[in-house]
Amino acid sequence: MKSYETEARERWGNTDAYREHEQKTKNYTKEKWTEANGGLMAIFAEFAALKNSGVAADSAEAKALVVKLQAHITENYYTCTYEILAGLGKMYVADERFKKNIDKYGKGTAEFAAEAIAVYCRKV
């Protein structure tokens, strides 16, 4: 976990979002971290369920889930702007660590979530 913190600080440490994240999470307990991270992963499980049910990434259901993801990130970590959200969607498939973690809910979940995010961000 420490190496991820170091990497994040090196990549985004000079951004407003990173500073907001530090401020917002500085007093998080282990339980709060578990709740926030568990909620995030539960949303990816919902993306997997949508994908597996045959729902398209540009559907109203997928859009609602992207909105839920964006709200969860904003509430628990930092203000997730459309620009940041679009970047996260790309990172979910470009970075094998993220892809592997998201795809534990089913192969292709990261791609489905990324596509739903891209569609959503293009329409806003």
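Reader: What should I know about the model itself?
Author: It is a predicted model, in which local features need pLDDT of at least 70 and side-chain atom pairs count only at pLDDT 80 or more, while totals for chains, interfaces and linings use all residues. Residues are numbered from 1 along each chain as its sequence is written, and side-chain values use heavy atoms, with hydrogens and water left out.
Reader: Where is histidine 72 placed, and what does histidine 72 touch?
Author: Histidine 72 is in helix α4. Not counting residues up to four places away in sequence, histidine 72 touches Ala36, Gly39, Leu40, Ile43 and Tyr77. Contact here means heavy atoms within 4.5 Å.
Reader: How many helices and strands does the protein chain have?
Author: The protein chain has 7 helices and 0 strands. Helices (H or I, at least four residues) and strands (E, at least two) are DSSP runs, numbered from the N terminus. The radius of gyration of the chain is 14 Å, close to the 14 Å that the globule rule gives for 124 residues, so the chain is as compact as a globular protein of that length. That radius is taken over C-alpha atoms, and the globule rule is 2.2 Å times the number of residues to the power 0.38.
Reader: What does the C-alpha trace span?
Author: Along its principal axes, the C-alpha trace of the protein chain spans about 40 × 30 × 25 Å. Of the 124 residues, 38% are buried.
Reader: Which residues have the most contacts inside the largest nonpolar core?
Author: They are Phe44, Phe47, Leu69, Ile73, Leu85 and Tyr92, in a core of 30 residues. The elements giving two or more residues to this core are α3 (30-52), α4 (60-76), α5 (82-94) and α7 (109-123). A nonpolar core is a set of buried Ala, Val, Leu, Ile, Met, Phe, Trp, Tyr and Cys residues joined through side-chain atoms within 4.5 Å.
Reader: And what does tyrosine 92 touch?
Author: Leaving out residues up to four places away in sequence, tyrosine 92 touches Phe44, Leu69, Ile73, Phe98, Lys99, Ile102, Ala110 and Ile117.
Reader: Back to helix α4: is glutamine 70 buried or exposed?
Author: Glutamine 70, which is also placed in helix α4, counts as buried at 11% relative accessibility. Beyond its neighbours within four places in sequence, glutamine 70 is in contact with Cys80, Thr81, Tyr82, Leu85 and Tyr120.
Reader: Where is cysteine 121, and what does cysteine 121 touch?
Author: Cysteine 121 is in helix α7 and is buried, with a relative accessible area of 17%. Residues up to four places away in sequence aside, cysteine 121 touches Tyr82, Leu85 and Ala86.
Reader: One change of topic: what about tryptophan 12?
Author: Tryptophan 12 lies in helix α1 (residues 2-12) and counts as partly exposed at 34% relative accessibility. Tryptophan 12 touches Tyr18 and Met91, not counting residues up to four places away in sequence. The C-alpha atoms of tryptophan 12 and alanine 94 are separated by 17 Å, and these residues are 82 apart along the chain.

Definitions and conventions
Buried < 20%, exposed > 50% of the residue type's maximum accessible area, 1.4 Å probe, protein only.
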